[in-house]
Amino acid sequence: QVQLVESGGGVVQAGGSLRLTCAASGRSFHNYFMGWSRQAPGKEREFLAILNPSGDWTYSAEGRFTISRDNAKNTMYLEMTSLKPEDTAIYYCGQSAHATLTLAGFTSWGQGTQVTVSS
């Protein structure tokens with residue numbers, strides 16, 4: 001059973017940047033697709049980004065966000081730039097056995113980290 005722990009959230013001013021980290025333990029990290037989602041207050045959770053096991057294929061639904069991974073450290077990242085107040089949400093990392101652009105395609109999720117963007 002994989003365990004995913006997000007960190008790096010916090011309060012940032014609009015226009016600023018943050019890097020979120022997802023630390024994984026358990027199943028072989030390097031064999032799985034990894035991704036990010038977020039849930040803003042009063043809204044449904046939405047898919048954000050995914051990358052393949054080797055990290056050489058990525059997809060991000062938000063052009064200001066970049067997903068990456070370090071398999072040697074069992075860690076994944078989400079680099080967020082030009083942050084806006086509407087980016088305020090809880091951000092979750094997830095694991096999938098295959099390429100997917102939907103939340104349903106993920107088999108495991110972390111507990112999330114709060115990101116608050118002030119105007």
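The numbered points below go through side-chain contacts, surface and backbone in a predicted model.

1. Aromatic pairs. The whole structure holds 4 aromatic pairs. In one of them, the ring centres of F47 and F106 are 6.3 Å apart and the planes meet at 40°, so this pair is tilted. F47 belongs to strand β5 (residues 46-51), while F106 sits in the loop between β9 (89-96) and β10 (108-109), so the pair ties together parts that are 59 residues apart in sequence. F47 is buried because its relative accessibility is 12%, and F106 is buried because its value is 7%.

2. F106 and W109. A further pair joins F106 to W109, with ring centres 4.7 Å apart and planes at 35°, so this pair is tilted. W109 has 24% relative accessibility and therefore counts as partly exposed. Taken together, ring pairs connect F47, Y59, F106 and W109 as a cluster.

3. R45 over two rings. Which rings have R45 over their face? One is Y92, where R45 lies 3.6 Å from the ring centre. The other is W109, with R45 at 5.2 Å from the ring centre. W109 is also a member of the ring cluster in point 2.

4. Salt bridge between E46 and R38. The model has 4 salt bridges. One of them joins E46 to R38, with the closest N and O atoms 2.5 Å apart. Are these two partners buried or exposed, or in between? E46 counts as partly exposed because its relative accessibility is 36%, whereas R38 counts as buried because its value is 10%.

5. Salt bridges of R64. R64 meets E62 in a salt bridge with an N to O distance of 3.1 Å. E62 is partly exposed, because its relative accessibility is 21%. R64 has a relative accessible area of 15% and is therefore buried. R64 also forms a salt bridge with D87, the closest N and O atoms being 2.8 Å apart. D87 is in the loop between β8 and β9 and R64 in the loop between β6 (58-60) and β7, so this pair ties together parts that are 23 residues apart in sequence. D87 and R64 are both buried. The salt bridges link R38, E46, E62, R64 and D87 in a network.

6. I67 and its surroundings. I67 is part of strand β7 (residues 65-70) and counts as buried because its relative accessibility is 5%. Leaving out residues up to four places away in sequence, I67 touches M34, G35, W36, A49, I50, L51, T58, Y59, M76, Y77 and L78.

7. F33 and its surroundings. F33 is in strand β4 (residues 33-39). Its relative accessibility is 15%, so F33 counts as buried. Apart from neighbours within four places in sequence, the contacts of F33 include I50, L51, N52, P53, W57 and R69. The list also includes G94, Q95, S96, A97, H98 and A99. By contrast, S118 is 85 residues from F33 along the chain, and the C-alpha atoms of F33 and S118 are separated by 32 Å.

8. Nonpolar surface patch. Which residues form the nonpolar patch on the surface? They are W57, Y59 and L101, with about 280 Å² of accessible area together. L101 is located in the loop between β9 and β10, and it counts as partly exposed because its relative accessibility is 46%. Of the other members, Y59 also belongs to the ring cluster, and W57 is among the contacts of F33.

9. Positive phi angles. N74 is not a glycine, yet its phi is positive, at about 50°. N74 is in the loop between β7 and β8 (75-80), and is partly exposed because its relative accessibility is 27%. S82, also a residue other than glycine, has a positive phi near 45°. S82 lies in the loop between β8 and β9. With a relative accessible area of 40%, S82 is therefore partly exposed.

Terms used: Residues are numbered from 1 along each chain as its sequence is written. This is a predicted model: local features need pLDDT of at least 70, side-chain atom pairs count only at pLDDT 80 or more; totals for chains, interfaces and linings use all residues. Side-chain values use heavy atoms; hydrogens and water are left out. Helices (H or I, at least four residues) and strands (E, at least two) are DSSP runs, numbered from the N terminus. Buried means under 20% relative accessible area, exposed over 50%, partly exposed in between (1.4 Å probe, protein chains only). Contact means heavy atoms within 4.5 Å. Rings of Phe, Tyr and Trp (its six-membered ring) pair if their centres lie within 6.5 Å; planes under 30 degrees apart count as stacked, over 60 as edge-to-face and the rest as tilted. A charge sits over a ring if NZ of Lys or CZ of Arg is within 6 Å of the ring centre and within 35 degrees of the ring normal. Patches are made of residues with over 30% relative accessible area and no salt bridge: like charges are joined within 9 Å, nonpolar side chains (Val, Leu, Ile, Met, Phe, Trp, Tyr) within 5 Å. Accessible areas come from the Shrake-Rupley method with a 1.4 Å probe; for residues, only the protein chains shown count as cover. A salt bridge is a side-chain nitrogen of Lys or Arg within 4 Å of a carboxyl oxygen of Asp or Glu.
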